[in-house]
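Try each task yourself before you read the solution.

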Amino acid sequence: MVAAAAAAAAAMGKSRRSSKNSDRLEQEIDEKPAANGDVEEASDRDEESQPSDAASLSEDEGSPGSPVDSEEDNWDVSDDEDHRSGEESDSSEEEVPSRNTIGDVPLEWYKDEEHIGYDVAGRKIKKQARRDRIESFLAGVDDAKNWRKIYDEYNDEEVELTKEEVKIISRMLKGKTPHAGVDPYAPYVDWFVWDDKGHPLSNAPEPKRRFVPSKWEQKKVVQYVRAIRKGLIKFDKPKEEPHVYLLWGDDSSAAENKRHGLSYIPAPKPKLAGHEESYNPSVEYIPTQEEINSYQLMYEEDRPKFIPRRFESLRSVPAYEKALKENFDRCLDLYLCPRTRKKRINIDPESLKPKLPSRKDLRPYPRTCYLEYRGHTGPVKTISIDISGQWMASGSFDGTVRVWEIETSRCLRVWNVGEAIKHISWNPLPELPVLAISAGHDVLILDTGLGNAEEQARINELLHVEESKPEEDGGSTPVVSWVRDEKYDCIRLKHLKAVTTVEWHRKGDYFTTVVPSGDSRAILIHQLSKKHTQNPFKKLHGLPVSAVFHPTRSIFFISTKKNIRVYDLLKQKLVKKLETGVREVSSIAIHPGGDNVIVGSKDGKMCWFDMDLSSKSYKTLKAHPKDITNVAFHRSYPLFASCSDDCTAYVFHGMVYSDLNQNPLIVPLEILRGHTSSDGRGVLDCKFHPRQPWLFTAGADSIIKLYCH
Amino acid sequence: MDFGVAGGAGGSEEAARRVRVRFTTKLGPPLRVPSAPLAVPSNLTRMGLSEIVNLLLENTCAEHETQPFDFLIDGELIRLPLEEFLLAKGISAEKVLEIEYIKAVAPRKQQDPCLHDDWVSSVDGSNPSYILTGCYDGIARLWKGGAACTHILAGHSGAITSAHIINGKVESENRFHIATGSKDRTLRLWKFDDAEHLEHPVNIREYKILQGHTSSVQSISSDPSGDMICSGSWDSSIKLWDVKNSEVQGDTVSIKKRKLVSDTANHVESQFEGVAASTLVGHSQSVSSIVWPERETIYSASWDHSVRQWDVPTGQEMWNMACGKVLNCLDIGGESSALIAAGGSDPILRIWDPRKPGTLAPVFQFSTHSSWISACKWHCKSWFHLLSASYDGKVMLWDLRTAWPLAIVDSHKEKVLCADWWKNDSVISGGADSKLLICSGVSIQ
């Protein structure tokens with residue numbers, strides 16, 4: 001009996017390890033034996049009390065002695081020992097020594113034996129005959145106490161548990177104490193004596209430090225105070241912002257996607273539904289019948305994909321017929337469309353532009369045309385402004401030279417030279433109102449008659465003394481012959497070839513003429529007072545285009561088609577060679593300061609040379625789509641201009657600083673239009689007024705225009 | 001009184017808003033309307049207002065002749081429909097509006113313009129019966145009544161740029177003292193009596209040639225007393241000439257000259273030449289216009305973008321204003337004869353108030369012209385009226401109280417080079433079409 005209990009306890013110990021076994025046990029205990037076949041089986045075995053293996057309770061007969069079971073058995077051994085020792089200590093008097101004495105060895109050892117072990121006397125204990133299943137079942141059916149019977153493998157016998165024992169087991173299963181009489185929550189009895197015995201362990205008086213404020217605490221407080229003052233400790237921590245995120249934001253740019261690696265490109269988001277896709281959109285989204293009809297006329301691609309409709313309720317909205325197709329298309333898009341990361345530099349194009357001052361701050365500059373000088377019948381090739389700014393002379397292809405009053409645009413005088421005028425130039429001396437005109441092969445020095453009586457006398461003298469000389473000069477030099485022209489009362493310089501330009505020296509005595517096809521006599525310098533001609537430039541590298549004097553020093557510029565040569569007239573040598581890099585130079589102008597040169601070319605480019613800087617152009621302005629016909633500097637205002645065959649003139653601000661470290665500032669200011677094209681030619685000449693910020697332009701439409709500030 | 005129908009706007013405008021107005025005027029009694037407030041439609045233009053006033057005048061006086069009026073609210077001329085005007089000026093339409101009416105300016109074209117041989121460069125209308133013109137052919141002409149040429153003042157070898165009648169106190173109505181400046185660098189003085197011969201124009205010779213300028217003379221003006229004249233020239237100087245003293249000598253010289261007329265011309269000319277009394281130097285470019293409104297002060301405008309005021313006794317520059325544009329014309333007038341009007345190389349007529357401290361911004365700008373302004377003149381009686389002539393061929397009449405021109409005279413086919421008031425109610429102008437045009441009927445109170 002006791003052994004049975006022990007075996008039950010052992011089974012219970014096993015149940016604690018193995019849930020399967022315990023379940024079985026529970027079933028065996030709780031359920032009625034007739035109900036379950038499994039239990040019957042067990043009871044069968046119990047009744048037979050066959051020496052089956054330990055696992056028979058749970059395992060099938062076919063698989064005895066699995067390694068797991070054996071392990072568990074090993075565990076059980078120690079457990080059983082504990083139990084036994086416990087039980088022995090508890091109720092040793094009740095304990096009946098078990099029949100078998102083999103001790104705590106695996107029962108398998110006796111599996112194939114005839115006996116199960118040895119009794120106290122050392123005799124073999126025979127295994128009982130095993131009943132077959134039907135017999136044990138029938139026996140179990142008859143016996144009402146069968147469910148309480150447990151087969152004890154160790155002793156190979158059937159044990160019947162008493163009702164008390166079953167109770168104990170059920171209590172133990174419920175986690176209660178085995179005996180009902182034990183009170184686990186009995187009131188606590190305090191055995192320790194707490195009251196003072198009158199004999200303290202130490203009789204020392206209470207130390208002083210118990211009454212003095214703690215120095216350590218004080219230090220700590222000071223430390224905190226300092227930290228607070230320094231701001232190391234802050235009390236009012238900023239409230240954490242509620243974590244919000246952009247629901248519809250494009251996550252392709254979000255930082256968290258970057259860490260997936262460079263190759264991660266999020267799929268493009270499908271278009272979100274708008275108001276018009278609501279089941280009940282506002283009236284303005286719903287197209288009229290006419291609009292719907294008009295959709296039919298549109299191309300398939302342009303047609304709106306979705307036509308908003310209105311429904312009474314969400315319930316009446318039909319299934320979306322294109323759902324499948326659209327999802328399919330979306331899937332196609334997602335896996336067929338290659339996704340590449342476009343390297344887009346996010347730069348404001350405005351910021352790439354150079355910072356230029358506002359045009360408003362650079363006033364005055366010519367802007368509007370107010371005056372026109374009409375009278376010529378052919379394209380006006382050249383104009384020149386009197387140094388005082390009162391008169392203007394113009395030469396035209398119709399063979400006339402006209403002098404205009406600038407203020408009223410009145411034509412004062414007309415000379416009919418008979419040949420197309422190529423170039424015209426006022427003498428820079430205000431007291432010598434004389435014009436140099438190049439027409440055909442000749443250069444005419446013409447008295448305009450605008451001086452007062454005294455000046456007129458001087459001019460007459462200057463142009464008159466000439467009369468005797470031509471023969472002498474003509475005899476000595478065949479290059480140019482100075483002849484008196486009786487018709488216009490002027491000097492005629494007869495060249496061998498056609499003359500293109502004539503330019504005065506700043507002192508008004510010398511002037512230079514350019515004969516492009518003159519080979520070694522292409523550039524000539526003449527002296528008016530002595531009626532003398534020199535030819536200092538025997539060898540020219542290239543076809544000469546024009547020649548100008550330096551505005552302040554004795555330096556001479558010769559422009560050939562490719563480059564500009566700068567000569568010092570006193571030392572008589574080449575100072576500098578400016579390489580333009582343009583196709584064909586058409587015009588040249590010298591800054592009044594003398595250190596900067598602009599060159600216009602036939603491919604529409606204008607080059608600014610800073611002669612102190614380099615022999616290459618400082619800036620090349622490509623503004624005109626057609627040939628530049630002339631370029632000009634203003635004498636006093638920081639302005640320069642170019643005119644072109646595209647019928648426009650461009651005005652620029654060109655500030656030259658006296659500080660050599662500062663580069664010239666060039667700002668485009670204004671495009672002056674107004675001329676009309678004639679025979680493919682546009683504006684043929686432009687000149688600034690010497691004192692006002694005004695620009696004169698001579699057009700192929702035979703009009704001269706004055707643009708004022 | 002309700003003027004919905006009579007208001008010119010018609011019966012269809014019944015629904016329009018109404019404004020209560022009271023008409024006031026400074027005109028004489030026959031043109032005065034009862035001052036009772038009226039309700040008029042608010043969308044009336046000045047035409048409609050003019051009709052109302054004419055109707056009221058007819059009611060009071062049967063033989064009233066309909067004539068146009070101009071209307072002022074708070075000193076501003078109405079140039080918009082009443083409603084818009086009130087809105088633009090922020091005037092409440094709840095109260096009774098005080099509208100002052102004045103006679104409208106409606107210039108009448110002159111019948112036949114006086115033809116010249118060349119461009120008319122200068123005109124002077126200071127004499128009520130004669131008009132003096134200077135012409136590019138070097139001849140100054142005197143036109144009696146603006147119709148017939150009575151005197152020809154020939155002598156200049158260059159175009160006349162400026163002709164001026166020196167109306168001194170001693171001069172009687174029919175004795176003329178005239179100064180002309182020319183591009184031949186000289187000024188010439190002329191003196192003659194208004195003789196009663198109309199058949200043939202009389203040729204007059206100058207009695208004195210004033211030489212000294214080294215470039216063309218651009219403008220002439222005379223002292224209010226007529227003793228001195230000043231001239232501005234392209235050589236950027238201003239010269240003052242004493243004409244009072246030289247007059248006596250001049251007479252004698254001219255007698256001498258007649259005696260010596262058979263002698264060599266050079267010798268004679270040297271005899272009746274005059275020299276400048278003083279020179280005012282300061283401008284850096286051509287002095288294009290000069291005005292001598294008071295005895296002590298001369299104003300000059302120049303191509304160097306400045307207007308300067310000169311003190312005559314000391315010859316010093318008193319005041320200088322840069323305006324940024326080339327100036328062609330200048331006149332002093334307006335309120336207490338202190339406003340400066342000037343125009344130049346842009347289509348804007350500007351008016352400055354030199355008494356205004358600290359600023360050089362113009363107080364008025366009129367920008368209806370489309371080209372250079374060649375002449376501007378204040379009306380000598382009115383504070384508000386001035387005229388301007390421009391190279392766009394138009395003469396415009398301005399009232400300071402509105403930004404739009406009161407009237408535009410566009411009879412000229414070419415540039416208008418000069419313009420002036422004549423007899424206080426006419427505008428005379430000459431231009432590059434060689435015509436002297438007279439527009440009368442410009443009555444200004």
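This is a predicted model: local features need pLDDT of at least 70, side-chain atom pairs count only at pLDDT 80 or more; totals for chains, interfaces and linings use all residues.

Residues are numbered from 1 along each chain as its sequence is written, with chains lettered from A and ligands numbered from 1 in the order in which they are written.

**Exercise 1.** Find out why strand S21 of chain B is largely enclosed.

Start with the span: S21(B) covers residues 287-291. Strands are DSSP runs (E, at least two residues), numbered from the N terminus. Now check burial, which takes 20 or more other C-beta atoms within 10 Å of a residue's own, with C-beta atoms placed from the backbone. 5 of the 5 residues pass, so the rest of the structure largely encloses the strand.

**Exercise 2.** Which strand forms a hairpin with S21(B)?

It's S22(B), with 5 residues between the two. Strands pair if DSSP finds at least two bridges between them; here there are 4, in the antiparallel sense. Look across from B:Val287 and you'll spot B:Ser302 in S22(B).

**Exercise 3.** Work out the strand order of the open 4-stranded sheet in chain A.

Going across, you get S23-S24-S25-S26, with antiparallel pairing. The edges are S23 (585-590) and S26 (619-622), each pairing on one side only. Inside, S24 (596-601) and S25 (605-610) share 5 bridges, and A:Val599 sits opposite A:Cys607 in S25(A).

Definitions and conventions. A residue is buried if 20 or more other C-beta atoms lie within 10 Å of its own, exposed if 12 or fewer, and partly exposed in between; C-beta atoms are placed from the backbone.
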